[in-house]
Amino acid sequence: MKVTDHLAQANGKTLFSFEVLPPKKGENIHTLFSNIEPLMEFKPPFIDVTYHREEYVYRQHPNGLLEKKTVRRRPGTVGICAAIKNRFDVDTVPHLICGGFTKEETENALIDLHFLGIDSILALRGDPIKSEGVFKPEPDGHAYACDLIGQVANLNKGEYLDQEQDDVWATDFCIGTAGYPEKHFEAPNYNADIRYLRHKVDRGADYIVTQMFFDNEEFFRFEKLCRAAGIDVPIIPGLKPLTTKSQLSMLPRAFYLNLPEPLVEAVSQCRDNDAVRTVGIEWCLNQSRELMAHGVPCLHYYSMGKSESIRRVAKELF
């Protein structure tokens, strides 16, 4: 089923979902399965699978010349979605990004997903290549998530890039998009970011899943502004339990978010990462309980390759 179908059939109950990373090239998929298995007892209706941009690496030849090569360190999102769906009998939501794809390659990927029976996708612009710093679309690719969403929405109407085709079969994808309770770092201001989000919904997004946040007041403000702007699709909050002291600097740097001072102070006083995990789980539990009482449709947890802390949170809530 689609994500929106799962939300509608929950009849007001808050659902549980989570996101996983594809294994690095050369790793065994059973490591991923072993991280998913402990979470299946909580009956997630869907699992997200991320997609990662290619990277540039430079390899030195014996003659001293450097060769620039393109490397994908975590390939296999579509295959992993199919494998998880087959192994656990659960719906999967692949991330589809603009970067690294032409419009035709995007259409072909969507056709593959359609044939596999995967009927929900999360459409994102995606990050720039690490060594470039600034996002650059492919020639004949999409520069913005709203245009990617528009292509998926057109395919749902049977509008393929090759307009000369007759008797085409329309897809029926549920389209998710990203929201940023603390503003996307490239948006000039908060109101502009909400306008951009409204544009993505107008182009065809059926639901929103947010970037992780650690202060529920940020989410409540974001949700209120979305509703005031006429955005009426479901909004799913994204959460993550802190697990290491290094995340105090890593998460703000990577995701452009703020950590509340009480959380920072509590983590700073921890003797080791075991103590950090205890603090992180308790903070995430308190966030989750308040959001459930608020009536959010689903709580979406970012695993970043590890499931134990999420399992401990879910055991208390679901």
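Reader: How many disulfides does the count come to?

Author: The count comes to zero disulfides, a disulfide being a pair of cysteine sulfur atoms within 2.5 Å. This is a predicted model, where local features need pLDDT of at least 70 and side-chain atom pairs count only at pLDDT 80 or more, while totals for chains, interfaces and linings use all residues. Residues are numbered from 1 along each chain as its sequence is written, and side-chain values use heavy atoms, with hydrogens and water left out.

Reader: Is C226 buried or exposed? And C270, buried or exposed?

Author: C226 is buried, with a relative accessible area of 0%. C270 is buried too, at 9%. Buried means under 20% relative accessible area, exposed means over 50%, and partly exposed is in between (1.4 Å probe, protein chains only).

Reader: Ok, cores. How many residues has the largest nonpolar core?

Author: It has 59 residues, and those with the most contacts inside it are I36, I84 and Y301. A nonpolar core is a set of buried Ala, Val, Leu, Ile, Met, Phe, Trp, Tyr and Cys residues joined through side-chain atoms within 4.5 Å. Helix α5 (residues 145-156) gives the largest share of this core, five residues. Helices (H or I, at least four residues) and strands (E, at least two) are DSSP runs, numbered from the N terminus.

Reader: Where does C270 come in?

Author: C270 belongs to another core, apart from the largest one. That other core has 27 residues, among them C174, A178, C270 and C298.

Reader: And which residues does I84 touch?

Author: Leaving out residues up to four places away in sequence, I84 touches V20, L32, F33, I36, I47, V49, D89, V90 and T92. Contact means heavy atoms within 4.5 Å.

Reader: New topic. How many salt bridges are there?

Author: The count comes to 10 salt bridges. A salt bridge is a side-chain nitrogen of Lys or Arg within 4 Å of a carboxyl oxygen of Asp or Glu. One of them joins D172 and K2, with the closest N and O atoms 2.8 Å apart.

Reader: Which residue forms a salt bridge with D147?

Author: R203, with the closest N and O atoms 3.1 Å apart. D147 lies in helix α5 and R203 in helix α6 (residues 190-203), so the pair ties together parts 56 residues apart in sequence. D147 is partly exposed at 27%, as is R203 at 31%.

Reader: What about R198 and D202?

Author: Their side chains meet in a salt bridge (2.8 Å, N to O). R198 and D202 are four residues apart in helix α6, so about one helical turn separates them.

Reader: Last one: where is S120?

Author: S120 lies in strand β6 (residues 120-124) and is buried, with a relative accessible area of 1%. The side chain of S120 reaches the backbone nitrogen of V3 at 3.0 Å.

Note on methods. A polar contact is a pair of N or O atoms within 3.5 Å; within protein, one must be able to donate a hydrogen and the other to accept it, and residues adjacent in sequence count only if both atoms are side-chain atoms.
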